Amino acid sequence: MLHCLACQVQPDPAEILRDLVRDHGRSFHSRAKFCEGAAYHRELVHAGPGFEAWLLSWLPGQVTPIHDHGGVLTISTVLSGAVFEERFERTGGALVRPTWTTLRATGDVDPIDPLAIHRMQPVGSAVTLHLYLPASVDGQIYEAMAGPCGRPDRVTACGHACPA
């Protein structure tokens, strides 16, 4: 029998995430831990062949650094609450500038390109689930370019670049 790797059906990453939410969503949500301070809580909740699922629990004001995912395909969904996501483009070295912002609501599924640079922040309290394929790796941290007033630029919910 001829074995062809290209002929094998690869699972759809969004489907893996939806299955995890369907089968374990209540359990994941009950594991949410809200920690006071600047850092959101991050916990590995599931691992399978070639992927990891991480649960993030957010309080108001907690925010990720501007980062990439080290070339790993990432898909996230909001289990409760909502989060703003800002995307960035490189301007040179570790400097980036904002390109757009969107609001992710409960149930939204967001595929994040392996080369994307972004930052997330909750609107109120939120719980999100992040699927990493093949597995979570440390990505690079970036710094936003200074805007005209010398402060880092940011993109508002309407998509316009405004000084922070």
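Reply: The charged end of Arg42 lies over the ring of Trp54, 4.2 Å from the ring centre. A charge counts as over a ring when NZ of Lys or CZ of Arg is within 6 Å of the ring centre and within 35 degrees of the ring normal. The model is predicted: local features need pLDDT of at least 70, side-chain atom pairs count only at pLDDT 80 or more, and totals for chains, interfaces and linings use all residues. Residues are numbered from 1 along each chain as its sequence is written, and side-chain values use heavy atoms, with hydrogens and water left out.

Next, ring against ring. A search of the whole structure finds 1 aromatic pair. The centres of the Tyr40 and Trp58 rings are 4.5 Å apart and the planes meet at 25°, so this pair is stacked. The rule: rings of Phe, Tyr and Trp (its six-membered ring) pair if their centres lie within 6.5 Å; planes under 30 degrees apart count as stacked, over 60 as edge-to-face and the rest as tilted. Tyr40 is in the loop between helix H1 (13–30) and strand S1 (41–48), and Trp58 is in strand S2 (residues 51–58), so the pair ties together parts 18 residues apart in sequence. Helices (H or I, at least four residues) and strands (E, at least two) are DSSP runs, numbered from the N terminus.

Cover comes last. Trp58 is buried, at 0% relative accessibility. Tyr40 is partly exposed, at 22% relative accessible area. Buried means under 20% relative accessible area, exposed over 50%, and partly exposed in between (1.4 Å probe, protein chains only).
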